[in-house]
Amino acid sequence: MELRQLRYFVTVAQEASFTRAAARLHLAQPGLSAQIRQLERELGHPLLDRGGRTVTVTEVGAAVLPQARAALEAVERITHTVDEFSGLLRGQVRVGLISGAAVEEFDVAAVLADFHHDHPQVGISLTEDTSERMLAALGRGELDLALIGLTGAQLDPAIGMEVVLETALVTAVAADDPGFGAELPLAALRGRPLICLTPGTGIRGVFERACAAAGFEPAIAYEAAAPALLLRLAARGLGVAVVPVLTAEEATAFGVRTVRIVEPEIRGRLALAWRTDRPASPAAKVLLGQLRLALRADR
């Protein structure tokens with residue numbers, strides 16, 4: 001029995017698919033299947049049921065799975081202990097960012113560059129995605145830490161979190177649109193064509209929850225991943241954009257003006273997130289600490 005076989009078994013059980021597991025492990029599917037069958041032969045029992053549309057664990061597999069996970073975590077802890085004792089940072093740190101996070105307010109690129117300069121032997125992978133998908137990736141162990149927008153939904157208790165920014169959400173309309181004053185109640189957006197970030201983002205989640213509490217479903221006419229595109233669409237009169245609060249200079253540059261949302265005011269929150277129920281690598285701990293310090297200083 002080899003550790004890699006246990007890792008392969010755990011991954012297939014998590015993905016419920018040999019195809020997805022092979023892609024995640026960067027292996028050819030026939031090779032992955034062969035390794036799992038060899039493990040099953042050594043144990044004398046099938047661990048996976050391949051008969052259905054998805055792969056499931058057998059009764060024996062279900063009993064073995066937590067032990068396999070524990071063995072892999074024990075090996076990881078041993079490696080981390082040795083690295084911490086020697087002061088060595090190595091390996092890979094996987095970071096997730098929401099779209100538009102690496103901007104002037106949060107110079108994430110500078111933090112990553114400084115970390116790479118100090119620890120050139122550590123590889124850094126960067127993923128830009130929605131908050132919802134990055135939280136799922138954290139849960140699967142595919143990310144070490146992420147900068148996400150909070151939707152207001154209950155988080156997994158195993159996710160550690162630190163809010164680094166809180167801001168009001170506003171609507172943005174074409175600068176020459178005469179139909180709006182300085183503020184409007186949330187209920188006044190009922191039935192209006194709206195321009196919003198894509199599903200799975202923090203702002204979209206917070207906004208939809210507020211609309212549901214007000215008794216209506218928002219009419220999303222356009223959606224995009226980049227806030228700048230939302231503003232350009234609003235400037236062309238295609239609808240009302242829902243965005244974080246803008247400075248007067250930013251609004252003028254995009255050809256929009258902002259209208260405060262009231263009754264209630266809606267606020268978006270940006271947070272650093274990481275797993276707390278499994279050992280983090282020394283490199284991930286150091287980078288997390290540097291990001292927390294940098295983002296606190298930017299507030």
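## Helix packing

Axes are lines fitted to C-alpha atoms, for helices over the stretch in contact, and angles run from 0 to 180 degrees between N-to-C directions; helices (H or I, at least four residues) and strands (E, at least two) are DSSP runs, numbered from the N terminus. In this predicted model, helix α1 (residues 3–15) packs with helix α3 (residues 29–43) at an angle of about 110°, their axes being 9 Å apart. That angle makes α1 roughly perpendicular to α3 (under 35 degrees is roughly parallel, over 145 roughly antiparallel, 65 to 115 roughly perpendicular, the rest oblique).

The contact (heavy atoms within 4.5 Å) involves Arg 4, Gln 5, Leu 6, Tyr 8, Phe 9 and Val 12 of α1, and Leu 32, Gln 35, Ile 36, Gln 38, Leu 39 and Glu 42 of α3.

## Confidence and conventions

The mean pLDDT (the predictor's confidence in each residue, from 0 to 100) is 87 for the chain, with 93% of its residues at 70 or more.

Residues are numbered from 1 along each chain as its sequence is written, and side-chain values use heavy atoms, with hydrogens and water left out. Local features need pLDDT of at least 70 and side-chain atom pairs count only at 80 or more, whereas totals for chains, interfaces and linings use all residues.

Arg 204 lies in helix α7 (residues 202–213) and counts as buried at 7% relative accessibility (buried is under 20% relative accessible area, exposed over 50%, partly exposed in between, with a 1.4 Å probe and protein chains only). Leaving aside neighbours within four places in sequence, Arg 204 is in contact with Cys 196, Leu 197, Thr 198, Pro 199, Ile 220 and Glu 223. The side chain of Arg 204 reaches the backbone oxygen of Leu 197 at 2.7 Å.

Technical notes. Polar contact = N/O pair within 3.5 Å; in protein donor to acceptor, adjacent residues only side chain to side chain.
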